Amino acid sequence: MSDQSPTRIQPNIVLVVMDDLGYGDLGCTGNTILRTPRIDSIAADGITLRHMYAASAICTPSRAALLTGRYPQRVGLPRVLSPRDGTGLSSWEHTLPEMLRDAGYRTAMFGKWHLGCRPEHYPTRHGFDEYAGLLYSNDMHPVELFEGEEISTTDVDQATLTGAYTDQAIDFIERHVDQPFFVYLAHTMPHIPLHVEEQFRGRSAGGRYGDVVESLDHHIGRLLGRLDDLGLADDTLVMVTSDNGPWFEGSTGGLRGTKLHTYEGGIRVPFVARWPGRIPAGAASDEPVCLFDLLPTLAALAGGTVPRDRPIDGVDVSEVLAGRSIPGPRPLFFFHWWTLNAVRSGPWKLHLDRFPRDPNRAHGMELPQLFNLEIDPAETYDLKDGHPDVLEHLTGLAKDFADEIAAQRPAAEARAAGRATA
């Protein structure tokens with residue numbers, strides 16, 4: 001992806017992250033009930049990454065990893081934060097918007113933050129020039145809408161949020177057509193409680209959840225249309241994904257588990273991207289990648305600098321976005337809070353621990369479990385007895401990484417709690 005346009009060196013970047021959207025909730029990932037033509041058009045005009053992972057099966061750690069390029073355990077944010085928490089994203093972390101702003105971008109975020117509620121945790125303190133949205137999930141109280149660093153309303157009509165966030169994103173883009181911009185559009189939906197505008201109620205064959213997803217698709221279409229109108233489509237990398245798997249409704253596309261679980265259904269997320277002339281149309285990739293790869297990838301594409309004074313777990317996957325592959329497998333690790341649950345390397349995935357526990361099985365009886373995701377993406381058939389070498393190798397990788405994280409835990413927790421800055 002080095003053949004940049006002669007008139008625009010740095011791409012504009014629009015990153016849309018839905019809350020709890022399932023891997024199988026889009027037409028382009030196989031759904032035949034919900035209608036998502038505008039998101040599907042991104043896949044048709046660009047690429048679908050069929051093995052994109054969130055770094056966690058829950059929202060706070062997933063978002064911490066996305067914005068820092070690091071496992072959330074290194075950031076000290078391995079669990080979901082509540083409005084009563086005093087912990088949050090440390091000023092020591094160097095975030096994706098900070099990296100892009102240093103590279104000359106204007107940056108804005110609209111939607112769900114969920115990385116802390118104190119002023120030092122606000123999005124505007126971590127690289128965003130502008131912010132509007134909810135600091136927490138929409139099922140956490142009080143539900144307060146922020147503009148910048150001030151509460152703009154405590155009487156939030158959640159049915160209007162999807163449209164309002166989109167309006168604000170479009171307005172930001174219109175004001176920055178002559179300079180590179182980064183828009184992080186973190187939609188509140190389809191997290192429960194579900195809310196949707198009147199015009200979409202009862203329209204979907206998928207019930208209220210389907211109404212919400214089809215509303216999201218409509219508003220993403222509005223944003224795409226405005227990029228076209230402004231002549232920015234060819235200069236803009238658009239990505240659409242989710243923070244983790246679906247919760248009480250939604251489709252995993254046949255994958256096992258849901259939100260909270262480190263089975264594939266909880267951590268594999270839909271991901272489509274479009275950048276005309278740079279990303280081949282209609283492409284698909286089965287390379288295992290993670291949302292924390294976006295920081296080094298966007299650094300490479302935008303001319304940004306990745307911090308060298310700390311572990312960065314993400315890698316540059318711009319070759320994957322271009323429809324090519326990256327050399328050799330690298331392991332990906334999946335935690336519940338501080339406990340390493342699973343590791344994937346190449347086609348193999350090993351489960352060593354699990355939360356929540358499956359009440360239908362005896363405690364710990366089924367672990368460890370080894371699956372070949374190439375032939376068994378639903379993680380149905382345990383192959384550990386036939387592949388002791390793979391079991392030994394992945395167990396060793398997991399132990400070494402768990403030990404590394406355990407050694408870093410005190411410092412990470414201190415930074416997130418504001419007790420340390422380095």
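Predicted model: local features only at pLDDT ≥ 70, side-chain atom pairs only at ≥ 80, totals over all residues.
Residues are numbered from 1 along each chain as its sequence is written, and side-chain values use heavy atoms, with hydrogens and water left out.

**Stop 1**

Begin with the open sheet of 10 strands, whose order is 7-6-5-4-8-1-9-10-2-11 and whose pairing is mixed. Strands (E, at least two residues) and helices (H or I, at least four residues) are DSSP runs, numbered from the N terminus, and two strands pair if DSSP finds at least two bridges between them. Select strand 7 (150–153) and strand 11 (283–285) to see the edges: each has a single partner strand, so one side of each is left without a neighbour in the sheet. Neighbouring strands here are turned by 15 degrees against each other on average, direction ignored; the axes behind such angles are lines fitted to C-alpha atoms, for helices over the stretch in contact, and angles run from 0 to 180 degrees between N-to-C directions.

Next, select strand 2 (residues 47–49) together with strand 10 (residues 271–274), which pair in the antiparallel sense over 2 bridges. Within this pair, T48 stands opposite V272 of strand 10.

**Stop 2**

Move to H114, which is found in the loop between strand 4 (106–111) and strand 5, and whose phi is near 65 degrees, a positive value in a residue other than glycine. H114 is buried, with a relative accessible area of 0%, where buried means under 20% relative accessible area, exposed over 50% and partly exposed in between (1.4 Å probe, protein chains only). Then select P142, in the loop between strand 5 (130–134) and strand 6 (145–147); the peptide bond leading from H141 to P142 is cis, with omega near 5 degrees.

**Stop 3**

Now select the open sheet of 4 strands, which has the order 13-14-15-16 and antiparallel pairing. Its edge strands are strand 13 (332–336) and strand 16 (369–372), each of which pairs on one side only. Strand 15 (residues 348–351) and strand 16 pair over 4 bridges in the antiparallel sense, and L350 stands opposite L370 in strand 16. In the loop between strand 15 and strand 16, look for P368, where the peptide bond from L367 is cis, with omega near -5 degrees.

**Stop 4: aromatic rings**

The structure holds 13 aromatic pairs; rings of Phe, Tyr and Trp (its six-membered ring) pair if their centres lie within 6.5 Å, and planes under 30 degrees apart count as stacked, over 60 as edge-to-face and the rest as tilted. Select Y71 and F292, an edge-to-face pair at 4.8 Å centre to centre with 75 degrees between the planes. Both Y71 and F292 are buried.

**Stop 5: charges over rings**

Finish with K259, which lies over the face of W247 at 3.9 Å from the ring centre, and with R415, which lies over the face of W92 at 4.2 Å from the ring centre. A charge sits over a ring if NZ of Lys or CZ of Arg is within 6 Å of the ring centre and within 35 degrees of the ring normal.
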